[in-house]
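Have the structure open while you read.

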Amino acid sequence: MDFGRISRRHLLQGSAALALSSTFGIRGAAAAETTVGFIYVGSRDDYGYNQAHAQGAAAVKKLPGIKVVEEEKVPETDAVEKTIESMINLDGATLLFPTSFGYYNPHVVKMASKFPKLHFEHCGGLWTDKDPKNAGSYFGYIDEAQYISGIVAGYSTKSGKLGFVAAKPIPQVLRNINAFTLGAKLANPKATTQVIFTGDWSMPVKEAEATNSLIDQGIDVLTCHVDGPKTMVENAARRGAMVCGYHVNQSPLAPKAYLTGAEWNWEALYPKFVKMITAGEAIPNFYRGGLKEEIVKVSPYGEMVSAEARKHADEVKAKFMADGYTIFKGPIVDNKGKTVIAGGTDRGQQDPELERMDYLVDGVIGATA
Amino acid sequence: MADASIGLWTVPLAVFGGAIRVSTPFLFVSLGECITERSGRINLGLEGTLVMGAMSAYGISYLSGSPWLGVLAAGVTGAMFGALHAGICSLPRVNDIAVGIALMLLGTGLAFFLGKPLIEPTAARLPAIDFGWWSDVPQLRAALRINVLFLIGVAIAPLLYWAFRTTRWGLLIRTAGESADAARAMGHSVLLIRLRATMVGGFLAGIGGSFLSLFYPGSWNEGLSSGQGITAVALVIFARWDPMLCLWTSLAFGGAAALGPALQSVGITSGYHLFNAAPYILTLAIMIITCSPKRTVTGAPAELSITR
């Protein structure tokens, strides 16, 4: 039996004998072990956001002397504080990964002040220098991977119309939409991206309706930024459209329609973090990175991606890896005609301005509110 | 596909297509609940039954390769949940609404628990019948790819309407719902009638769930229902316990769900949160219109715990 697959709550509910024997079993194997807690906002097998994190947790689990506890479907409310406290008090967790954006403020901040000796690594990039030093907020520049997806999509579309099923108009989502569109325009300057906001992170029926409406408009390549891209990928493939994935590799769902996709690479980052902590090193509070830092990656190209598209995408990818590429390079005009980044201004990935993005670039059809 | 855009026509077409695609679970759950409530019980647990039906249909379809076997499994699971609800409610001094809420939580929780390994695999889907063969417009053809379950649901509505009025079984169900004493005086077991009515209701709700996972959106995940079961129960009240009205309101709800995305796809983006919320606003409006402390709702079975 694989104890790692059983969540903490199930362990508690399980028989005392079972729990005892498993605890002793692990204790016997490694005397001084570190317990790492992972908290997910949704189901960890969602073919999306949470699964990407769970794959990272699975990689941590393989490290010697590390015990992993997980809890899924923890809402972005007081509930996450209770989960954190019970992971600390009952499981002895010393490093916690609350992986959802909305956990950070006030919940993670509060817990980090309450347990100053423990480490909190939040996903979302929200740490500011006012926050406790034992808390950190990492994030990946997945827009780099979306940019590559956009290039491939721009070459692959026949109608020049791309579709984007998005959850909410927050900066991270807008940045992905914009990067995807800018990438597509590199391949096809006339390409447009039609965006539909569904209003929440997991709305399968709305996502399916959005997918159908987009395809009805003549859109033939779709991508998304929702928690579970499965619905969009499957429904688009059924209608004969092509897709670019998000969060994890969805090509098994639609092998003939899957062009490429923007994926997280947490299975590279999390073991690195855990090793840093166990070695006594400090993790930078504000940890960022993209393709070069191996925080994000691009799915392998599908077979229908043309040689031309592959070549161009690989070139740009190589530039990212060599750290010599800027996506948001002025002049950039938004879709209302306003110049948002002046000519001559390069907004590099680290630029905090980009994390306050509230516009859609020229070529995107849609509005932020 | 470059010239295939149909512009603003997308909106009515999407609402029409949405009415067909999205309405089926509403239709099955509301017809099932209609039968149950006509017999004098409210089964609020149908949300759980819907989710459980979706999960078991997906699981059986995946394991057996036959989506129709999945539909059957969903129906049987739903009937078992119905039997559980009716069984608990047969005990003295048990409130059917409270039991319904408990079963709703049990159904969704159990479905999420058992459905964990089913999120990743892809199961065989139900086929669609192509009613759009005569059209050259791909959008219309897509909207007219209709699933048999929708047609069955549409057929059940008038059948049920007829059965309630003219058959012995229909009369018995209505008697149990209007006056339990009268049914007892006629020598029938009210509990047995309600057990059967709740089981049939659960059977239909389970099938509604199988549509969600096996046809549209067409895969199993935990956000699949997002409250459609509970909306459908509210819809029965709006439809005044009339199967034909259940059909029309289900279609209206389906169309309303398609409105938000469709408007955005043609570039009408202001207030999309409001349009996305259309089905819920509709539910709320219905509840406000139909609720009045001064009178009981017309058409409500007299034995329902909310009207009694």
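Predicted model: local features only at pLDDT ≥ 70, side-chain atom pairs only at ≥ 80, totals over all residues.

Residues are numbered from 1 along each chain as its sequence is written, and chains are lettered from A and ligands numbered from 1 in the order in which they are written.

**The two chains**

Chain A has 11 helices and 17 strands, and chain B has 13 helices and two strands. Helices (H or I, at least four residues) and strands (E, at least two) are DSSP runs, numbered from the N terminus.

| Chain | Residues buried | C-alpha box along principal axes |
|---|---|---|
| Chain B | 55% of 308 residues | roughly 70 × 45 × 35 Å |

"Buried" here needs 20 or more other C-beta atoms within 10 Å of the residue's own, with C-beta atoms placed from the backbone.

Chain A has a radius of gyration of 21 Å, close to the 21 Å from the globule rule for 369 residues, so it's as compact as a globular protein of that length. For chain B the value is 20 Å, close to the 19 Å that the rule gives for 308 residues, so chain B is also as compact as a globular protein of its length. The radius is taken over C-alpha atoms, and the rule is 2.2 Å times the number of residues to the power 0.38.

Now for contacts, meaning two residues whose C-beta atoms, placed from the backbone, lie within 7 Å. Take those between residues at least 6 apart in sequence: in chain A, 67% of them join residues at least 24 apart. In chain B, 78% of the contacts with a separation of 6 or more come from residues 24 or more positions apart.

**Domains of chain A**

Chain A splits into domain 1 (3-140) and domain 2 (143-263 + 301-365); such bounds come from an automatic or database domain assignment. Their centres, taken over C-alpha atoms, are 31 Å apart. Nine residues of domain 1 of chain A are in contact with nine of domain 2 of chain A.

**Where the chains meet**

How many residues of chain B are in contact with chain A? There are 39, and they touch 36 residues of chain A. The elements of chain B giving two or more residues to this side are α1 (10-38), α5 (138-143), α11 (243-265) and α12 (272-276). The largest share, seven residues, comes from α11(B).

Terms used:
Buried ≥ 20, exposed ≤ 12 C-beta atoms within 10 Å, placed from the backbone.
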